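User: I would like to learn how to read the features of a protein structure. Please take me through them one at a time, with the general idea and then the case at hand.

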Amino acid sequence: MPKKILLIVLFISFNSFAQGEANIWYFGYLAGLDFNSGSPVVINDSQMITYEGCSTISDASGKLLFYTDGVRVWNKNHQIMSNGNDLLGHSSSTQSGIIIPKPNNPNIYYIFTVPELAGPDGLRYSEVDMSLDGGLGDITSKKNILLYTPSCEKLTAIKNTAGDGYWVLSHGFGNNRFIAYNIKANGVNLNPIVSNAGSIIDGDRSGSVGYLKFSPNGDKVISSNRNLNVELFDFDNATGIVSNPIVILSNSWPNYGAEFSPSGNIAYVTTKDGDLLQLDLRASNIASTAATLHSNYNNPDPHIVSALQLAPDGKIYGALYGERYVSVINNPDVLGVGSDFVAQRLFLGNDATSISGLPQFIQSYFNVGINVLNNCLGENTTFSLSGNKSITSATWDFGDGTTSTDINPTHTYLSDGAFTVSVTAKSPGGTSSKTRDIIISKVPTATKPKDILACDDNNDGSYTFDLTIQNTAILNGQDPNLYKVNYFANNIAITTPTAYANKVAYQKEIITAEISNSANGRCKSSTSFAIDVFDSPLPELANAIPDLTSCDNTSVGTDVDGRISFDLTQRASAILKGQLATQFSISYYKDAGFTKLIAAPTAYQNTISTETIFVKVANKENPDCIATTSFKIAVLALPVVTATANLKQCDDDIDGFSIFNLEEAISKITTNASNETIAFFKTIAD
């Protein structure tokens, strides 16, 4: 007999430390998940249909006890308890119900409920006795006991510091009042701890919508207040006092879901429209760290993410409104894309649908497990255990053939890859084993690329750059499927790197490129390059530049060859057409292919009497900004002038004057002259 008693005590202690109370989930339209294997497995035996709030409870070994939508209560056989109807929560209340065990009494549980839209029913509790109905449980005469009214649609719970009870926290409507009820071995203390902290929630009753959550270790509270803000508070787990409000998102966000990462360092919030935001709670200015992990705005594949709930596997799951899937944040303690949000992560089956809610639990249930810091190759990776029990000894296996008996060991992996870490830990309550798969990732190398120097298309100093053309040079042979390149300007992420407009016209701008490991967003390296915009040359069109002409050297002898020395730069002003010679250079070529440069354009000897000169104009600061045009040069023949006899005429009136016919002389003088020369002579004669 004593041996049997001893075995029973050890079994209870082991499973108490194992904390399987949150391993079964029921939610939405007949949806269910089972985490007892370590990863979620879809189950399809739920009888519950609820839009939002719900709660499930299992025993310490993960076996289902009952579940509720805050109105009805189903036992483990999925039948409504005989007195399990008409609780005063509501299936469209954000956190309609939460289940709390009575300390030191394995048969008694309390269901706390809140109505929708701060209705008059307020915060209440009902008692479940699992010894009733042959061990299936039923609601006792303590049903719908009023605690506080009116209350927002907010409920959350945490184990107290002493470990002998729980705090259930809600928020009043029409005030900034937090109401904390203490549950210990003697039941629910009807005298709450009231804290006036943060924003007043009043006016439109839809403002009562939004999640309230404790961090897993119970020192923080986050309140998502629809159409108002999101606030972060300190919580004193010994006294129940809420204090030190910080607005971490303003009323520009119609907020709904909220959850902490396992470490409590990162918070996640969803909006009314289903966007998913991440905030770094360690920052001095938390609001400035808000980053959108998922958005439905102009998204060709929209998914409305609603409730968020931390799970026993250390991941955060998200309800997807009206879909047969739930989403997941695989690495919630990693900032940015390394958190690895996947929208349609888990198919719930053809007969089940996620709506807005997920089951909520005492957040302490998720404060147990292996914590890992620094999982990039070459770093000192540290391990620790989180939980509500004090650890007296631990034996670790790092999955690479090495072990440690330190309670909080540090280990350096010699290669990258996936490793299964396991620990067997002892506490005053018993012995428990935990495992966790981790990935040690290589740190990528970011190679510095060339600067991007753009030629402006309209010379206004602004240009839209495709920064991703740098990816290949930055990765420098590293697999683009394993590494992702992100771009930043002034430490702000560039969300559309394929169409990035420079900020200041004609001013060099430095862009930071960061390579991160797709499997682990922490493992990254960065480099930088410049972008700059330069005016493009806009030369005169070829047919609009006047020809450059000159007369031949002589009209007699051997030098009548149609060749002469030209100063081509005389057409520079016409070519530039108002653009500055200090900004643009001009080069002259003999051929249309621009291969035969005229090295001395101020003394160019033509080769034929009429010749086309090809011109290239370039920006002096960026020679890649070029344009071309052309003009003609021509050599004109000099007239051949023949000597002729003087014109003589007799004076008819002996006054020394007479009328001469000069055209006769011109015709004799200009026998070899061009029409232009003849015209010149005629002008003189006239």
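User: Is Tyr589 buried or exposed?

Analyst: The model is a predicted one. A residue counts as buried when its relative accessible area is under 20%. Tyr589 has a relative accessible area of 10%, so Tyr589 is buried.

User: How many aromatic pairs does a search of the whole structure find?

Analyst: The search gives 23 aromatic pairs. One of them can be read in detail. The ring centres of Phe178 and Phe233 lie 4.8 Å apart and the ring planes stand at 70 degrees, so this pair is edge-to-face. Phe178 belongs to strand S14 (residues 175-184) and Phe233 to strand S19 (residues 229-235), so the pair ties together parts that are 55 residues apart in sequence. Phe178 counts as buried because its relative accessibility is 1%. Phe233 is buried as well, with a relative accessible area of 1%.

User: How are the rings of Tyr589 and Phe594 arranged?

Analyst: Planes over 60 degrees apart count as edge-to-face. The planes of Tyr589 and Phe594 are at 80 degrees, with the ring centres 5.2 Å apart, so this pair is edge-to-face.

User: Which residues do ring pairs link into a cluster?

Analyst: The cluster consists of Trp25, Phe35, Tyr317, Phe361 and Phe366, linked by ring pairs.

User: Which residues have the most contacts inside the largest nonpolar core?

Analyst: They are Trp25, Phe27, Phe66, Ile100, Phe112 and Ile222, in a core of 85 residues. Strand S8 (residues 108-113) supplies the largest share of this core, namely five residues. Ile100 shows what such contacts look like. Not counting residues up to four places away in sequence, Ile100 touches Tyr109, Tyr110, Phe112, Ala157, Tyr166, Val168, Ile183 and Ile362. There is also a second, separate core of 19 residues, and Ala446, Leu475, Ile511 and Val533 are among them.

User: How should I read a sheet, and in what order do the strands S25, S26, S27 and S28 lie?

Analyst: In general, the strands of a sheet pair through backbone hydrogen bonds, and the pairing is either parallel or antiparallel. In this case four strands form an open sheet in the order S25-S26-S27-S28, with antiparallel pairing. Strand S25 (305-310) and strand S28 (341-347) each have a single partner strand and stand at the edges, so one side of each is left without a neighbour in the sheet. From one strand to the next, the twist averages 35 degrees.

User: How many bridges join strand S26 to strand S27?

Analyst: Four bridges join strand S26 (residues 316-320) to strand S27 (residues 325-329), and these two strands run antiparallel. As an example of residues facing one another, Ala319 stands opposite Val326 in S27.

User: What should I look for in the backbone angles?

Analyst: Most residues other than glycine have a negative phi, and most peptide bonds are trans. A cis peptide bond joins Thr149 and Pro150, with omega about -5 degrees. Pro150 lies in the loop between strand S11 (145-148) and strand S12 (156-159).

User: Where do Asn244 and Asn374 lie?

Analyst: Asn244 is part of strand S20 (residues 242-249), and its phi is positive, near 55 degrees. At 47% relative accessibility, Asn244 is partly exposed. Asn374 sits in the loop between strand S29 (369-373) and strand S30 (381-386). The phi of Asn374 is also positive, near 70 degrees, and Asn374 counts as partly exposed at 30% relative accessibility.

User: Which backbone oxygen does the side chain of Ser525 reach?

Analyst: The side chain of Ser525 reaches the backbone oxygen of Pro444 at 2.7 Å. Ser525 is located in strand S42 (residues 520-534) and counts as buried, at 18% relative accessibility. Apart from neighbours within four places in sequence, Ser525 is in contact with Pro444, Thr445, Ala446, Ala513, Glu514 and Ile515.

User: Finally, is Ile469 buried or exposed?

Analyst: A residue is exposed when its relative accessible area is over 50%. Ile469 has a relative accessible area of 54%, so Ile469 is exposed. Ile469 lies in the loop between strand S37 (464-465) and helix H2 (471-475). Distance in sequence and distance in space can be read together here: Ile469 and Thr498 are 29 residues apart in sequence and 8.4 Å apart in space, C-alpha to C-alpha.

Terms used: Residues numbered from 1 in each chain as written. Heavy atoms only, no water. Buried < 20%, exposed > 50% of the residue type's maximum accessible area, 1.4 Å probe, protein only. Phe/Tyr/Trp six-rings, centres within 6.5 Å; stacked < 30°, edge-to-face > 60°. Pairing = 2+ DSSP bridges. Axes fitted to C-alpha atoms, helices over the stretch in contact; angles between N-to-C directions. Core = buried A, V, L, I, M, F, W, Y, C linked by side-chain atoms within 4.5 Å. Contact = heavy atoms within 4.5 Å. Polar contact = N/O pair within 3.5 Å; in protein donor to acceptor, adjacent residues only side chain to side chain.
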